[in-house]
Amino acid sequence: MRPDDRSEVPMSPSNLQDVLDAASSTVEHLRSSQIGAYIYPVVPSEFTNWRREVRAWRETAVLFDQTHHMVNLYVSGPDAFKVISDTAFNGMANFPVSTAKQYVPVTPAGHVIGDGILFREAEDQFTFVGRAPSANWLQFQAETGGYDVEVVKDDRSPSRPYGHAVSRSVWRFQIQGPAAWDVIEKVNGGPVEQLKFFHMAHMDVAGAQVRTLRHGMAGAPGLELWGPYETYEASRAAILEAGAEFGIEIVGSRAYSSNTLESGWIPSPLPAIYTGDELAAYRQWLPAAGYEATNALAGSFVSENIEDYYLTPWDLGYGGFVKYDHDYIGRDALAAIDPTTQRKKVTLAWNAEDLARIITSPLNVDGPDYMYFDLPIANYGSSSYDAVLDAAGKVVGFSMFTGYSANERRGLSLATVDQDVEIGTELRLVWGEPGGGSAKSTVQPHEQTEVQVIVSPAPYAVTARADYHGGWRSAQA
């Protein structure tokens, strides 16, 4: 080859669009991801055992360590509120300082990119906390949209640190459970006002004042707290010392994610950014090895069209948040959607005998061998789409997050199903991938099987339905 002849030199992709252009199929690229299992980094898998830790958020109190698995994106400056208002379909008329909102951006076509929590910590100072897709979208808009803002990204801790030191801008804990408030007031050294849901305040932890958010992931009054990362050890020790007499348990990463099966939040829909000329610049901005490029798409539902995996706010239970009182990306597309034609969020309760058959299949020397069902969370991809069928075999929805609740003693899936599917309906969930399974590193050769499921409310837990604040956790009827 001549020195100036580079036509045969393969170029490494430099952004997501390059990756997609080189792939024969976007769907197959994502279904063959080699990223491996989704890991909640740094926090140990278990402190006692995951069953005991799960029961504690119903019976006593727990300490959730949320320090490492989420992105912190800090947006500040004169246009900080404007960039958020321009990208959020929530009503923005009432967003005072020291409150928080769910942040769920959509594409110009009205499809969900992701979600997270926005904290308004000062007039022109916001913090987004959540998974990568929404953080990336907000950062892109802030940096390329002509806004007068400063953006600082504190990325999630590495999934596999391999002995390297890990540091974050802040530690982030939650104290939850029936005895949570007793623990909180003992840590504080006195009474703490129970503010309204998603309102912020302060309290004392280990001799220092930290910020708090009124939260309730476990169905009882609780707080999320955060402070400088250098005070992590002292703050954690103070909470555990105060909580000892109330039976506080530290929740490991294995039990942590199963909380959403009870509370009804679908954590990881596929970000709807892989198509559309209007998103070409965004795909060129995203890195070639980032979340969107390596995202592992899993499940029994397979379509050659990546847009068949896209979801609207109503599909995920966010329809009540959609407002038209301001201009934002995707507003016109959402306004053109008839909510009564959209799917709705539910919980699917698995038949116990079918679940037992799947869990014990590794003991079948001569088969069949079904897709492995790990406990307590059985997801084997970042974004899960298992086909849900009616009696006639028609696909009426997707199961999107699956596992086992030690509190409910049931296999459960968070799902989105057709609007006319009623609570109590029996459906069939197809477990496992076609053709013996995809090339994902988390998949072993297996056979598909069907599971009987009962359409149930979301949240599934009675305590959550009765006690949670309205919004995405509200029961879907």
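**Lys186**

I started with Lys186, which is partly exposed at a relative accessible area of 42%. My cut-offs here: buried is under 20% relative accessible area, exposed is over 50%, and partly exposed is in between, with a 1.4 Å probe and protein chains only. The model is a predicted one, so local features need pLDDT of at least 70 and side-chain atom pairs count only at pLDDT 80 or more, while totals for chains, interfaces and linings use all residues. Residues are numbered from 1 along each chain as its sequence is written, and side-chain values use heavy atoms, with hydrogens and water left out.

Lys186 sits in helix H6, residues 180–188. Helices (H or I, at least four residues) and strands (E, at least two) are DSSP runs, numbered from the N terminus. I looked up what Lys186 touches, leaving out residues up to four places away in sequence, and got Ala242, Glu245 and Phe246. Contact means heavy atoms within 4.5 Å. I also checked Lys186 against Ala415: they are 229 residues apart in sequence and 39 Å apart in space, C-alpha to C-alpha.

**Strands S2 to S6**

Which strands pair with S2? S2 (residues 71–76) pairs with S5 (residues 125–130) in the antiparallel sense, over six bridges. I call two strands paired if DSSP finds at least two bridges between them. In that pair, Asn72 stands opposite Val129. S2 is also joined to S6 (residues 150–154), again antiparallel, by five bridges. There I found Ser76 opposite Glu150.

Next I went to S3, where five of the five residues are buried. Both faces are covered: Thr99, Lys101 and Tyr103 are buried on one side, Ala100 and Gln102 on the other. S3 runs antiparallel to S4 (residues 116–122), with five bridges between them.

His69 is in the loop between S1 (61–65) and S2. Is His69 buried or exposed? His69 counts as buried, because its relative accessible area is 8%. Leaving aside neighbours within four places in sequence, I listed its contacts as Tyr38, Tyr40, Pro41, Arg156, Arg168 and Tyr256.

His69 also turned up in a cavity lining. For the record, a cavity is a set of points on a 1 Å grid over the protein atoms alone where a 1.4 Å probe fits but cannot get out, and lining residues have an atom within 4 Å of a point.

I noted the lining of the second largest cavity as Tyr40, Pro41, Val43, Asp65, His68, His69, Val251, Gly252, Ser253 and Tyr256. It splits into five nonpolar, four polar and one charged. In that scheme Ala, Val, Leu, Ile, Met, Phe, Trp, Tyr, Cys and Pro are nonpolar, Asp, Glu, Lys and Arg are charged, and the others, Gly among them, are polar.

**The barrel**

I traced a closed barrel of six strands in the order S13-S17-S16-S15-S18-S19, with antiparallel pairing. Neighbouring strands of this sheet are turned by 40 degrees against each other on average, direction ignored. Axes are lines fitted to C-alpha atoms, for helices over the stretch in contact, and angles run from 0 to 180 degrees between N-to-C directions.

Helix H13 (residues 352–359) packs on the sheet and touches S13 (344–350), S17 (410–417), S18 (426–431) and S19 (449–456). The direction of H13 makes about 140 degrees with that of S19. I also opened up one pair: S15 (residues 386–389) and S16 (residues 395–405) run antiparallel and are joined by four bridges. Val388 stands opposite Gly397 there.

Where did I find cis peptide bonds? One joins Gly367 and Pro368, with omega about 0 degrees, and Pro368 lies in the loop between H13 and S14 (383–384). Another joins Ala458 and Pro459, with omega about 5 degrees; Pro459 is in the loop between S19 and helix H14 (462–467).

Ser98 has a phi of about 70 degrees and is in the loop between H4 (80–85) and S3. Ser98 counts as partly exposed, because its relative accessibility is 23%. Ala206 has a phi of about 55 degrees, in the loop between S8 (200–205) and S9 (208–215). Ala206 is partly exposed too, at 47%.

Conventions. 1 Å grid on protein atoms, 1.4 Å probe; cavity = no way out; pocket = protein on both sides within 12 Å on 5 of 7 lines; lining within 4 Å.
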